[in-house]
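Student: Hi, could you walk me through this one? I'd like to talk about pockets and then helix packing.

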Amino acid sequence: RKKKKKGGGKKKKDDDNVDSPRPPNIPPSYPTTDLRKQLDNDPEYIQGTGGKLHEYQLEGLNWLRYSWANDTDTILADEMGLGKTIQTIAFMSSLYNEGHCK
């Protein structure tokens, strides 16, 4: 039988230590927005990334936020490639950045 070396495994390169840094801002300890209120433009945490939601994606984000505020379960169901993933990420980010969850 061969003995396993402690700490074995793949050696890390300098590039492997590059994780996405946690945002410097701590989320608010209480909600700062009303999720029932419709967003007319991309939130600043989306704009800060340099990205922009399409109009239908912003509509989906508003629908997810409104449904969450009304304790309604939802399913995003549209054609492939229209951005359900980014809508979900933007929704979860809105909950975090606006103090609706921790």
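Student: Which element gives the most to the lining of the largest pocket?

Tutor: Helix α3 does, with 5 residues in the lining. Keep in mind that this is a predicted model.

Student: Okay, and what volume does the largest pocket have?

Tutor: Its volume comes to about 210 Å³. The lining is made up of 13 residues, and those closest to the centre are Tyr45, Ile46, Thr49, Ile89 and Ser93. Two or more lining residues come from each of α1 (44-47) and α3.

Student: How many nonpolar, polar and charged residues are in that lining?

Tutor: There are 7 nonpolar, 5 polar and 1 charged residues around the largest pocket.

Student: Switching to packing: how do the axes of α2 and α3 cross?

Tutor: Helix α2 covers residues 55-69 and helix α3 covers residues 84-97; their axes cross at roughly 45 degrees and come within 9 Å. That angle is why α2 counts as oblique to α3.

Student: Is that crossing left-handed or right-handed?

Tutor: Right-handed, for α2 and α3.

Student: Nice. Which residues meet there?

Tutor: From α2 you have Tyr56, Gln57, Gly60, Leu61, Leu64, Arg65 and Trp68, and they meet Ile86, Gln87, Ala90, Phe91, Ser94 and Leu95 of α3. Sorted by class, this contact has 8 nonpolar, 4 polar and 1 charged residues.

Methods:
Residues numbered from 1 in each chain as written. Predicted model: local features only at pLDDT ≥ 70, side-chain atom pairs only at ≥ 80, totals over all residues. Heavy atoms only, no water. Axes fitted to C-alpha atoms, helices over the stretch in contact; angles between N-to-C directions. Helix = DSSP H or I, 4+ residues; strand = E, 2+ residues; numbered from the N terminus. Parallel < 35°, antiparallel > 145°, perpendicular 65-115°, else oblique. Left-handed = near helix turned anticlockwise from the far one by under 90°. Contact = heavy atoms within 4.5 Å. Nonpolar A, V, L, I, M, F, W, Y, C, P; charged D, E, K, R; others polar. 1 Å grid on protein atoms, 1.4 Å probe; cavity = no way out; pocket = protein on both sides within 12 Å on 5 of 7 lines; lining within 4 Å. Points joined across faces, edges and corners; volume = space filled by probe spheres on them.
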